[in-house]
Structures are given as structure tokens and as C-alpha cells.
Amino acid sequence: MINENEKRICKGKGCKKELPVGYKYEKCESCRNKFLESGINIVKTCGAAVVGVVGLFFIIKKYLV
């Protein structure tokens with residue numbers, strides 16, 4: 001359980017922002033958004049790679065048959 005009387009500092013890398021009273025997360029909104037943004041970029045990159053590989057597979061299959 002979170003003690004409401006003590007000051008809490010963001011646990012993000014290099015971030016020293018003070019979290020408001022009653023805030024339920026360990027990281028501030030900025031750090032949480034950075035984390036989500038990096039995850040979304042990874043998913044987009046992997047998705048593009050999969051589409052590229054599947055596309056090449058069908059192109060090669062079309063010309064070899």
C-alpha cells in the first residue's frame with residue numbers, strides 16, 4: 001500500500017520529478033509515454049519486416065513457378 005504522507009520520486013531513468021499525492025504509478029506520465037512510444041515503434045518495425053518478407057516470398061514464388 002502507498003504511504004500518502006511521504007514524497008515520491010519518479011523511477012524513470014534520469015528523471016527526478018516528484019509524483020503527486022495519490023498517484024498510483026511509479027513513473028511520471030512523461031516516462032510512461034516514452035516507454036509506450038518505444039514499444040509501439042518496435043511493433044511497427046517488426047510488422048514492416050514481416051510484410052516485406054511475405055511480399056518477397058510471393059514475388060519469388062510467382063517468378064520461380
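I started at R8, which sits in strand β1 (residues 8–9). Helices (H or I, at least four residues) and strands (E, at least two) are DSSP runs, numbered from the N terminus. The model is predicted, so I noted its limits: local features need pLDDT of at least 70, side-chain atom pairs count only at pLDDT 80 or more, and totals for chains, interfaces and linings use all residues. Residues are numbered from 1 along each chain as its sequence is written, and side-chain values use heavy atoms, with hydrogens and water left out.

**Confidence**

I looked up pLDDT, the predictor's confidence in each residue, from 0 to 100. The protein averages 85, and 91% of its residues reach 70 or more. Confidence is lowest in β1, at a mean of 86, and highest in strand β2 (residues 18–19), at 89.

**R8**

Is R8 buried or exposed? R8 counts as buried because its relative accessibility is 16%; the cut-offs are under 20% relative accessible area for buried, over 50% for exposed, and partly exposed in between (1.4 Å probe, protein chains only).

Next I asked which backbone oxygens the R8 side chain reaches. One belongs to Y23, 2.5 Å from a polar atom of that side chain. Another belongs to Y25, at 2.8 Å.

In soluble globular proteins, nonpolar side chains tend to be buried together.

What does C15 touch? Leaving out residues up to four places away in sequence, I found I9, C10, C28 and C31. Contact here means heavy atoms within 4.5 Å.

**Helix α1**

I found one salt bridge in the structure, meaning a side-chain nitrogen of Lys or Arg within 4 Å of a carboxyl oxygen of Asp or Glu. E29 pairs with R32, with 3.0 Å between the closest N and O atoms. Both lie in helix α1 (residues 29–64), three residues apart, about one turn of the helix. E29 is partly exposed, at 40% relative accessible area. R32 is partly exposed too, at 25%.

Last, I went to I42, also in helix α1. I42 counts as exposed because its relative accessibility is 54%. From I42 to G55, 13 residues along the chain, the C-alpha atoms are separated by 20 Å.

Definitions and conventions. Polar contact = N/O pair within 3.5 Å; in protein donor to acceptor, adjacent residues only side chain to side chain.
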